[in-house]
Amino acid sequence: MNTHPYVVVANRLPCERAADAWRASPGGVVTALTPVTEHSRGAWVGWAGGETAEEPRTHHGMPLIPVALGSAEIDAYYEGFANATLWPLYHTNVSTPQFRRSWWEAYVAVNRRFAEVTAEVCAPDATVWIHDYHLQLVPRLLRELRPDVRIGFFSHIPFPSVDLFAQLPWRTEILEGILGADVIGFQRRRDVRNFEAACAALLGPASTASATVIDAYPVSVDVGHIRDIAGSGQAQAEATRIRADLGEPETLLLGIDRLDHTKGILERLLALEELFDNGTLDPRTTRMVQVAVPSRERIPAYRQLREDIERTVGRINGKFAGLAGTTIHYLHRDYAFESVIAWYLAADVLLATSMRDGMNLVAKEYVTARAGRGGALVLSEFAGAADELTDALIVNPHDREAMVQAIAEAVAMDAGAARARIDAMAEVVADHDVYAWANRFTGDLAEVAAEDPADAAVAAAPAPSAASPAAAAAPAQWMI
Ligand code: G6P
């Protein structure tokens with residue numbers, strides 16, 4: 001079984017079983033990791049999203065190694081500790097985190113299972129890259145089982161300030177778990193600072209010495225793939241059809257998010273309502289499309305949020321929609337990536353106004369698809385993307401007045417200025433695409449190997465730029 005030189009470990013596999021078919025799993029981790037893992041033909045350890053124990057299989061050439069979860073574990077580990085404890089706590093208490101010992105026990109047990117499955121499948125001296133808040137204990141557990149492998153850990157979501165993090169009853173275990181990795185990555189510098197401050201305060205000042213690298217690695221998108229789709233006749237025709245179906249609005253505003261408190265959908269709708277109320281936006285010529293991808297629907301806080309959003313959409317449409325059309329089009333469903341790109345091409349303004357977000361890949365996708373085409377991006381200062389996309393209209397989503405102003409400014413922006421800003425941002429993203437992200441992280445893991453003489457041969461292997469066509473056709477090993 002110990003055959004894979006490069007292994008990605010994430011809670012979710014890149015595709016999940018839906019009825020009798022397999023479909024792409026939702027969310028930023030899968031979006032970012034799928035292209036880089038596919039190109040390197042790494043193996044992927046994760047959960048298939050249901051209660052059925054799945055057999056190993058391959059997906060676009062990637063070996064998938066399923067980790068089975070029972071129904072009680074889905075409740076306690078995934079919906080409980082991961083998404084009702086850690087998720088809100090790490091996103092600055094965007095909803096109230098709940099602390100339950102039974103959830104923690106399930107989290108420990110499931111993390112142990114992930115570590116055991118991974119330890120079984122990785123080749124001697126393999127490189128293992130563990131992802132996100134579901135699996136923070138795996139680096140240390142895996143190191144105990146397989147001291148020979150190099151271990152990276154990347155957190156796709158924010159790391160909270162020590163004042164918040166310290167509320168977690170199992171805070172030291174979590175920190176010690178992460179510190180089992182050789183390279184520890186976060187999205188932003190401020191996440192790195194928060195993590196280091198938590199380690200210093202809760203474990204002592206020398207606690208971070210064991211990890212070779214702790215750094216910010218802002219995740220990104222597959223620029224080439226997005227450009228190909230955006231340049232296709234099919235996507236452009238779909239965009240034209242979308243605008244026609246919406247009655248050829250003068251302005252089309254767009255939001256595309258998982259239906260989650262962190263995304264600030266409700267706050268965005270309330271800002272729009274104010275703009276219609278005060279006459280800045282004309283409901284007869286303006287359309288807003290909010291795609292809300294269903295997410296974590298068995299968790300009560302998510303069900304409540306859905307009700308609140310749907311009531312608000314109904315109220316706003318009741319006030320402003322006319323016989324000629326609906327003002328806010330709320331689409332509670334998932335779309336294929338090609339259609340998402342068509343939405344980007346159709347929209348004059350993207351509202352990416354999360355209350356808190358590790359990165360917000362939607363913002364990076366939008367500016368990439370819009371390169372040379374103009375458009376405006378309203379972006380939350382609490383999204384990781386705000387560090388790089390500085391030509392966006394950056395806004396505090398908690399500040400209604402600022403939101404109202406930023407949206408009004410985006411709608412009224414001069415076309416030439418808008419194009420220059422989008423192009424500048426598209427260039428930033430193109431210079432730091434998802435392959436550059438993965439290469440930098442795995443390059444730092446290779447450096448770890450270089451410091452260990454026994455691993456020097458592995459480290460000496462070339463590190464091609466995965467963005468280049470040569471790397472796209474790279475052999476069956478990770479980029480190092
Ligand atoms: C975020 C998280 C991912 C998660 C995704 C979808 O992007 O960082 O780890 O997979 O949301 O959420 P779900 O609970 O459906 O996996």
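Me: A crossing is left-handed if the near helix is turned anticlockwise from the far one by less than a right angle, and right-handed if clockwise. Which hand does the crossing of H13 and H15 have?

Reply: H13 passes H15 in a left-handed crossing. This is a predicted model, where local features need pLDDT of at least 70 and side-chain atom pairs count only at pLDDT 80 or more, while totals for chains, interfaces and linings use all residues. Residues are numbered from 1 along each chain as its sequence is written, and side-chain values use heavy atoms, with hydrogens and water left out.

Me: Where are H13 and H15, and at what angle do they pack?

Reply: H13 covers residues 361–369 and H15 residues 415–431; they pack at about 115 degrees, with axes 8 Å apart. Helices are DSSP runs (H or I, at least four residues) numbered from the N terminus, and angles run from 0 to 180 degrees between N-to-C directions of axes fitted to C-alpha atoms over the stretch in contact. Lys364, Tyr366, Val367 and Thr368 of H13 meet Ile422, Met425, Ala426 and Val429 of H15, where contact means heavy atoms within 4.5 Å.

Me: Why are H3 and H4 called oblique?

Reply: Under 35 degrees counts as roughly parallel, over 145 as roughly antiparallel, 65 to 115 as roughly perpendicular and the rest as oblique. H3 (residues 101–121) and H4 (residues 138–145) pack at about 45 degrees, with axes 9 Å apart, and are therefore oblique to each other. Their crossing is right-handed. Among the residues making the contact are Phe114 and Ala115 of H3 and Leu141 and Leu142 of H4.

Me: What makes H6 oblique to H7?

Reply: The axes of H6 (residues 171–178) and H7 (residues 189–203) cross at roughly 120 degrees and come within 10 Å. That angle makes H6 oblique to H7. The crossing of H6 and H7 is left-handed. Leu175 and Ile178 of H6 and Phe195 and Leu202 of H7 are among the contact residues.

Conventions. Helices (H or I, at least four residues) and strands (E, at least two) are DSSP runs, numbered from the N terminus.
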